[in-house]
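Colleague: I would like to learn how to read this model. Can we go through it feature by feature?
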Amino acid sequence: MIDLNDLESSIVEVYNDYYLDVFRFLVCFTGNQNDAEDLTQEVFIRLLKNLNHFKSEYNLKTWIFSIAKHVAVDHYRKKKFFSVFKDGFFTRLESNGKKPDEEVEFNEMEQFIHEAISKLKPNFRAVIILRGINEFSVKETADILQCSESKVKVDYHRALKDLKRKMNIGIEEVLPNAK
């Protein structure tokens, strides 16, 4: 929690606690590590600027991710992406010791998945990233997206259905966390 009496150490602690999670979310959303780094900085700058608006009864994590979602959507609107995951994150993963043919197949599947995710509407994409990839609860996702839990459930179901249609395969093969 943020201690206004010792603001500097509180900010350092919040940054250390949430930086990596915010960065990963933004990498998944933008598909570009450089953009994600810049946007992550923007999230924490906005957090500092709006610290006086934070109410202690709210969950700090969901507030930070709500800011991250707004930063990502603002970035999306500014850039008007054709493909969000072009030059994506998963093409830069280091080898995990698989055979070359398995590695190629794995990379092709990841590219295929992220191309399909990038073609979803922004709100569907955000729900898929938060629920299916980052494994946030329905409540946390609703808080981050500032909508009702039922909207999260409906959007997640529709996004999974749309992904399945776009990929022409079972969604369980795509996102093992999809429930």
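Colleague: Is Glu 135 buried or exposed?

Modeller: This is a predicted model. In it, Glu 135 is exposed, because its relative accessible area is 52% and the cut-off for exposed is over 50%. Glu 135 sits in the loop between helix 5 and helix 6 (138-145).

Colleague: What is the phi of Glu 135?

Modeller: Start with the general idea. Most residues other than glycine have a negative phi. Glu 135 has a positive phi of about 60°, although it is not a glycine. The positive value comes just after helix 5.

Colleague: Which residue follows helix 6 with a positive phi?

Modeller: Gln 146 does, with phi near 55°. Gln 146 is likewise a residue other than glycine. The loop between helix 6 and helix 7 holds Gln 146. Gln 146 counts as exposed, at 55% relative accessibility.

Colleague: Now helix packing. How do I describe a helix pair?

Modeller: Two packed helices are described by the angle between their axes and the distance between the axes. Take helix 5 (residues 122-133) and helix 7 (residues 149-167). Their axes come within 9 Å and cross at roughly 100°. Helix 5 is therefore roughly perpendicular to helix 7.

Colleague: Which residues make the contact of helix 5 with helix 7?

Modeller: From helix 5 come Asn 123, Phe 124, Val 127, Ile 128, Arg 131 and Gly 132. Helix 7 gives Lys 151, Val 152, Asp 155, Tyr 156, Arg 158, Ala 159, Leu 160, Asp 162 and Leu 163. By class, the residues of this contact are eight nonpolar, two polar and five charged.

Colleague: Pick one of the charged residues. Is Asp 155 buried or exposed?

Modeller: Asp 155 is buried, because its relative accessible area is 7% and buried means under 20%. Asp 155 lies in helix 7. Set aside its neighbours within four places in sequence, and Asp 155 is in contact with Asn 123, Phe 124 and Val 127.

Colleague: How many of the 12 residues of helix 5 are buried?

Modeller: Nine are buried, so helix 5 is largely enclosed by the rest of the structure. The buried residues are Phe 124, Arg 125, Ala 126, Val 127, Ile 128, Ile 129, Leu 130, Arg 131 and Gly 132.

Colleague: Which residues are buried in helix 6?

Modeller: Val 138, Thr 141, Ala 142, Ile 144 and Leu 145 are buried there. These residues lie on the same side of helix 6, because they cover an arc of only 165° around the axis.

Colleague: At what angle do the axes of helix 6 and helix 7 cross?

Modeller: They cross at roughly 100° and come within 8 Å. Helix 6 and helix 7 are therefore roughly perpendicular to each other. Helix 6 makes the contact through Val 138, Lys 139, Thr 141 and Ala 142. The partners in helix 7 are Glu 149, Val 152 and Lys 153. The contact has three nonpolar, one polar and three charged residues.

Colleague: Next, the core. What is the general idea?

Modeller: In soluble globular proteins, nonpolar side chains tend to be buried together. Here the largest nonpolar core has 43 residues. Val 22, Phe 25, Leu 26, Val 43, Ile 64 and Ile 128 touch the most other members.

Colleague: Which elements give two or more residues to this core?

Modeller: They are helix 1 (7-30), helix 2 (33-49), helix 3 (60-79), helix 4 (100-118), helix 5, helix 6 and helix 7.

Colleague: What is Val 22 in contact with, leaving aside its neighbours within four places in sequence?

Modeller: Val 22 is in contact with Thr 40, Val 43, Phe 44, Ile 64, Phe 65 and Ala 68.

Colleague: How many residues apart in sequence are Lys 166 and Ala 116?

Modeller: They are 50 residues apart in sequence and 6.3 Å apart in space, C-alpha to C-alpha. Lys 166 is found in helix 7. Lys 166 counts as partly exposed, at 31% relative accessibility. Not counting residues up to four places away in sequence, Lys 166 touches Ala 116, Lys 119 and Leu 120.

Note on methods:
Residues numbered from 1 in each chain as written. Predicted model: local features only at pLDDT ≥ 70, side-chain atom pairs only at ≥ 80, totals over all residues. Heavy atoms only, no water. Axes fitted to C-alpha atoms, helices over the stretch in contact; angles between N-to-C directions. Helix = DSSP H or I, 4+ residues; strand = E, 2+ residues; numbered from the N terminus. Parallel < 35°, antiparallel > 145°, perpendicular 65-115°, else oblique. Contact = heavy atoms within 4.5 Å. Nonpolar A, V, L, I, M, F, W, Y, C, P; charged D, E, K, R; others polar. Buried < 20%, exposed > 50% of the residue type's maximum accessible area, 1.4 Å probe, protein only. Arc of directions from axis to C-beta. Core = buried A, V, L, I, M, F, W, Y, C linked by side-chain atoms within 4.5 Å.
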